[in-house]
Amino acid sequence: MSFSLSSILQFYAASHRIGIRQTLAGRTFEASYPEIKYLPKASQTLRPMAILAVSDRVVYQAIANVVAEKARPILSTAANRQSFANVLSDPVQKPMFMLWKIQYRLFQNKVSNSV
């Protein structure tokens, strides 16, 4: 049986919602230190990768959701005009950002139409 990271985070958030909310409301939330893993690269060097605690990920994602919604009106003025990366998707869609393949196709069309 396999689980997606998204489903694990949703389960954790649902089962720990009250505790997380209390620590945030009481201003006692403290982020944990990330666990650092080193992944080998083709160049024989190592790439550091920080692994965050699930509670930290849940809190950071909640903050990102609020910031994204507040910034949506400003960000939408440049989306697919000046910026093709990290464009917010519709609020009702599950992924926070538009898929990169769609954005890359829009970028290619913009470049080919301007030449």
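Two salt bridges are found in the protein chain, a salt bridge being a side-chain nitrogen of Lys or Arg within 4 Å of a carboxyl oxygen of Asp or Glu. The structure is a predicted model, in which local features need pLDDT of at least 70 and side-chain atom pairs count only at pLDDT 80 or more, whereas totals for chains, interfaces and linings use all residues. Residues are numbered from 1 along each chain as its sequence is written, and side-chain values use heavy atoms, with hydrogens and water left out.

Arg-72 forms a salt bridge with Glu-69, and here the closest N and O atoms are 2.8 Å apart. Arg-72 and Glu-69 stand three residues apart in helix α2 (residues 54-75), which means that about one helical turn separates them. Glu-69 has a relative accessibility of 41% and counts as partly exposed.

The secondary structure of the protein chain consists of three helices and two strands. Their order from the N terminus is α-β-β-α-α. The radius of gyration of the protein chain is 19 Å, well over the 13 Å given by the globule rule for 115 residues, so the chain is more spread out than a compact globule. The radius of gyration is taken over C-alpha atoms, and the globule rule is 2.2 Å times the number of residues to the power 0.38. Helices (H or I, at least four residues) and strands (E, at least two) are DSSP runs, numbered from the N terminus. The C-alpha trace spans about 55 × 45 × 30 Å along its principal axes.

Of the 115 residues of the protein chain, 14% count as buried. The chain exposes about 9,600 Å², of which 61% is supplied by carbon and sulfur atoms; accessible areas come from the Shrake-Rupley method with a 1.4 Å probe, and for residues only the protein chains shown count as cover. Among contacts (heavy atoms within 4.5 Å) between residues at least 6 apart in sequence, 34% join residues at least 24 apart. The mean positions of the 14 positive and 5 negative charges are 9 Å apart. Lys and Arg count as positive and Asp and Glu as negative, while His and the chain ends are not counted; the place of a charge is NZ of Lys, CZ of Arg, CG of Asp or CD of Glu.

Individual positions were also examined. Ala-14 is located in helix α1 (residues 5-25) and is partly exposed, with a relative accessible area of 46%. Ala-14 and Ile-63 are separated by 49 residues in sequence and by 16 Å in space, C-alpha to C-alpha.

Asn-80, a residue other than glycine, has a positive phi near 60 degrees. Asn-80 lies in the loop between α2 and α3 (100-114) and counts as partly exposed at 29% relative accessibility. Asn-86 is not a glycine either, although its phi is positive at about 50 degrees. Asn-86 is placed in the loop between α2 and α3 and is exposed, with a relative accessible area of 61%.

Terms used. Buried means under 20% relative accessible area, exposed over 50%, partly exposed in between (1.4 Å probe, protein chains only).
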